[in-house]
Amino acid sequence: MKHSSRRGARALFSDPLLRVIPAGLALIAVVLVFTGLSRLMHKPNPDVLVPADASAAAELTPSPVPTITPTPAVYAPFGAQYGYGGEELIPETPTPAPTPTPSPTPFATATPSPAAQTGYRTLKKGSTGDDVVRMQQALIGLGYLNGAADGDFGSGTQNAVTQFQAVNGLSADGIAGEKTLTLLYSGSALAASEAPEMDYLVLVNRDRPLGKDYVPTDLVNIGDVIPSDVLAVKYRNTQANRVATEALYRMLEDAIADSVSNFQVSSAYRGYAAQQQLVDNSVANYRKNNPGWSTERCLSATYQTVAPAGTSEHMTGLAFDITVPGVSFSGTAQQKWLHEHCYEYGFVVRFTAEKESITGFLAESWHFRYVGVEAAQVMTFNNWCLEEYVEKMGL
Ligand SMILES: [Zn+2]
């Protein structure tokens, strides 16, 4: 056997055509070795790059604030145009922006849910009928919708469909087309209770935008969780993450026990489309007041105060703009109490004056972000903003 196979190999190589192959292979090998060597010579030694304070990351004891390359642009607080800080609404004649670079980040293109070709009729907001009843019953059965199936596709049903789609990995547009309905009736769809747990430390900013289809999976109507004598909700049906809303409830109850009351939520969850709407409204406003301005210039001015769609952490459902009706929030007893105690309930004041160069946002005393009690304590005791926390903890 040995001999015959060796002879077979020799016979193979003696074929003049095939003799070229080993020669070619040898040449490739030489080239590979050479490129590998030259790459090694230019590659920085990874050991040299290990940060000196990497091991200190997990410690709770205050350590020197790490040097983080500051974000070049600092933007005016979102909400300034709503007067959270006592400021005016969008200024009539805004000062011309010094042409900042808005760098609109490209987002994953959403796949529009195809119109039903066979079987089910596409159902969306405004639809009525028996097929809406059937869909609502299925959504109720899986825990996405509360109440009775009334055959009326309103905003509650739309939210339920969006949640169902988000949990089940479908394009979350709130429109029930063929794909959505087929999965909904299949018996193999994930129930609301099987939704993946929210990442309470998700970092969202201008450098880390969320995709167009991102939808947090555990949203509730704030007004369904927190009674109106504890918290006023400025815009009806404002939603937020369930766990964060429950923490907010505990926090406000304790504030009230401390004789600090009269809280309002001005904004919480805002989806991609809602954020885009804010951008569009602002652009329209600038154009109206400055007929000569190009769209690009209006957009640049807008991005000074409004986060581009996908870059606002309101999209996570974990952020609340807490205000006091009718007055500027900064300096109120409510603001002081919340700033002193919010970490005990898992919240941080997300944008402070001290961290403007890191977060890229001017201070927003009203913007509270839920991160969970443990992270909130570490961030507060170490004086770290979320960007620093994520970097220090290697998340
Ligand atoms: Zn906010």
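**Close-ups of a predicted protein model**

**View 1. Helix H11 and its buried residues.** In helix H11, which runs over residues 333–341, the buried residues are Gln-334, Trp-337 and Leu-338. Look down the axis of H11 and those buried residues fall within an arc of 95°, so they line one face of the helix. Why does that pattern make sense in a helix? An α-helix has 3.6 residues a turn, so residues three or four places apart point the same way.

View 2. Step back for a moment and you'll find 14 helices and 7 strands in the protein. Of its 395 residues, 35% are buried. Now take the contacts between residues at least 6 apart in sequence: 69% of them join residues at least 24 apart.

**View 3. Where helices H9 and H10 cross.** Here we have helix H9 (residues 272–289) and helix H10 (residues 295–302), whose axes come within 9 Å and cross at roughly 120°. That angle makes H9 oblique to H10. As for the hand of the crossing, H9 and H10 make a right-handed one. Which residues meet here? From H9 come Val-279, Ser-282, Val-283, Tyr-286 and Arg-287, and from H10 come Thr-295, Cys-298, Leu-299, Ala-301 and Thr-302. Sort the contact of H9 with H10 by class and you get 6 nonpolar, 3 polar and 1 charged residues.

**View 4. The buried residues of H10.** Stay with H10 and pick out its buried residues: Cys-298, Leu-299, Ser-300, Ala-301 and Thr-302. What do they pack against? The buried residues of H10 pack against H9.

View 5. Ser-259 has a positive phi of about 65°, although it isn't a glycine. Asn-262 isn't a glycine either, yet its phi is positive as well, at about 70°. Is Ser-259 buried or exposed? Ser-259 counts as exposed, because it has 8 C-beta neighbours inside 10 Å and the cut-off for exposed is 12 or fewer. Asn-262, with 16 C-beta neighbours inside 10 Å, counts as partly exposed.

**View 6. Asp-229 in its loop.** Asp-229 belongs to the loop between helix H7 (222–225) and strand E2 (231–233). There are 8 other C-beta atoms within 10 Å of Asp-229, so this residue is exposed. Now find Phe-263, which is 34 residues from Asp-229 along the chain. How far apart are the C-alpha atoms of these two? The separation between the C-alpha atoms of Asp-229 and Phe-263 is 9.2 Å.

**View 7. Ala-191 and its contacts.** Our last stop is Ala-191, found in the loop between helix H6 (178–184) and strand E1 (219–221). Ala-191 counts as partly exposed, because 13 C-beta neighbours lie inside 10 Å. What does Ala-191 touch, leaving aside its neighbours within four places in sequence? Ala-191 is in contact with Leu-142 and Gly-143. Look for Ile-140 as well: Ala-191 and Ile-140 are 51 residues apart in sequence, and their C-alpha atoms are 9.8 Å apart in space.

Key:
Residues are numbered from 1 along each chain as its sequence is written. This is a predicted model: local features need pLDDT of at least 70, side-chain atom pairs count only at pLDDT 80 or more; totals for chains, interfaces and linings use all residues. Helices (H or I, at least four residues) and strands (E, at least two) are DSSP runs, numbered from the N terminus. A residue is buried if 20 or more other C-beta atoms lie within 10 Å of its own, exposed if 12 or fewer, and partly exposed in between; C-beta atoms are placed from the backbone. Two residues are in contact if their C-beta atoms, placed from the backbone, lie within 7 Å. The arc is that of the directions from the helix axis to the C-beta atoms. Axes are lines fitted to C-alpha atoms, for helices over the stretch in contact, and angles run from 0 to 180 degrees between N-to-C directions. Angles under 35 degrees count as roughly parallel, over 145 as roughly antiparallel, 65 to 115 as roughly perpendicular and the rest as oblique. A crossing is left-handed if the near helix is turned anticlockwise from the far one by less than a right angle, and right-handed if clockwise. Ala, Val, Leu, Ile, Met, Phe, Trp, Tyr, Cys and Pro count as nonpolar, Asp, Glu, Lys and Arg as charged, and the others, Gly among them, as polar.
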